[in-house]
Amino acid sequence: MIDGLVQAAEEGTPQGGPLSPLLSNIVLDELDKELEKRNLCFARYADDFNIFVRSQRAANRVMQKVSHFVTHRLRLKVNEEKSHVTRPWEMCFLGFRITSMINFTRVQIHPKSIKRLKERVRQLTSRSSGKSIHQIIYNLNEYLHGWWIYYRFAKLSIKWLRSLHGWIMRRLRCILWKQWKNPRTRVRELKKRGIYHKSAVSTGNARKGCWRMSRVKWVIIALPNAYFRRTLGLFLPGIHLLS
């Protein structure tokens with residue numbers, strides 16, 4: 001896009017297109033052979049790769065030589081922003097990070113990937129989207145299914161999963177509370193879900209914001225986790241790990 005106008009590209013491939021990984025594998029095959037010839041440990045997927053060495057001094061040397069090889073031999077441009085020397089547990093490779101403790105290696109989800117997950121969930125559960133709760137959950141399920149299929153092999157903390165599930169369902173309670181709008185509707189919906197008249201009236205007429213009301217006891221009782229999971233069909237990543 002140039003000056004707001006879409007123009008046909010005569011060279012290159014679209015970012016994220018299906019042809020991009022294939023061309024990367026063809027072009028970077030020579031790089032793989034060069035790294036193998038130098039007996040370097042590396043992992044590569046398309047044009048994203050990591051090289052593992054034992055010291056920072058060795059890493060700086062390898063970084064300089066590989067960058068020179070890519071630039072002058074393969075005639076490719078090295079992305080200076082993404083290329084750097086760092087510890088394995090600090091780098092993000094395909095959304096994962098590698099940690100090691102007491103000679104036990106684990107693959108975990110990188111904090112950047114968790115941040116992107118939450119940003120996407122916030123977009124899908126926006127209170128101002130104007131969509132019904134069923135449509136919101138349908139779109140949310142599509143994203144969470146794909147996210148879980150990709151990241152399910154990583155080592156996940158049970159505490160983090162519980163926190164994620166609670167946060168997602170609190171956002172959904174917040175949406176329903178806003179959609180009920182006026183106090184009369186809120187009182188009626190609370191009573192319909194088994195809340196006593198006195199508690200329903202005091203809760204339904206509260207002047208707190210939707211987000212604060214989503215953690216009130218009577219709202220949680222009226223809209224329990226089972227309501228979202230069983231009645232509305234909400235999919236929660238890793239729910240089987242908590243059972």
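This section describes the fold, surface and charge layout of a predicted protein model.

The protein chain holds eleven helices and four strands. Its radius of gyration is 25 Å, well over the 18 Å that the globule rule gives for 243 residues, so the chain is more spread out than a compact globule. The C-alpha trace spans about 75 × 55 × 30 Å along its principal axes.

Burial and contacts were examined next. Of the 243 residues in the protein chain, 35% are buried. Contacts between residues at least 6 apart in sequence were also sorted by separation. Among these, 57% join residues at least 24 apart.

The surface was treated by atom type and by charge. The protein chain exposes about 17000 Å². Carbon and sulfur atoms supply 52% of that area. The chain carries 46 positive and 16 negative charges.

Strand β3 covers residues 96-101, and strand β4 covers residues 104-109. The two strands run antiparallel and are joined by six bridges. Ser-100 stands opposite Thr-105 in β4. Two residues lie between the strands of this hairpin. In the hairpin, Ile-102 takes a positive phi near 55°. In a regular strand, side chains alternate between the two faces of the sheet.

Methods. Residues are numbered from 1 along each chain as its sequence is written. This is a predicted model: local features need pLDDT of at least 70, side-chain atom pairs count only at pLDDT 80 or more; totals for chains, interfaces and linings use all residues. Side-chain values use heavy atoms; hydrogens and water are left out. The radius of gyration is taken over C-alpha atoms; the globule rule is 2.2 Å times the number of residues to the power 0.38. Buried means under 20% relative accessible area, exposed over 50%, partly exposed in between (1.4 Å probe, protein chains only). Contact means heavy atoms within 4.5 Å. Accessible areas come from the Shrake-Rupley method with a 1.4 Å probe; for residues, only the protein chains shown count as cover. Lys and Arg count as positive and Asp and Glu as negative; His and the chain ends are not counted. The place of a charge is taken as NZ of Lys, CZ of Arg, CG of Asp or CD of Glu. Two strands pair if DSSP finds at least two bridges between them.
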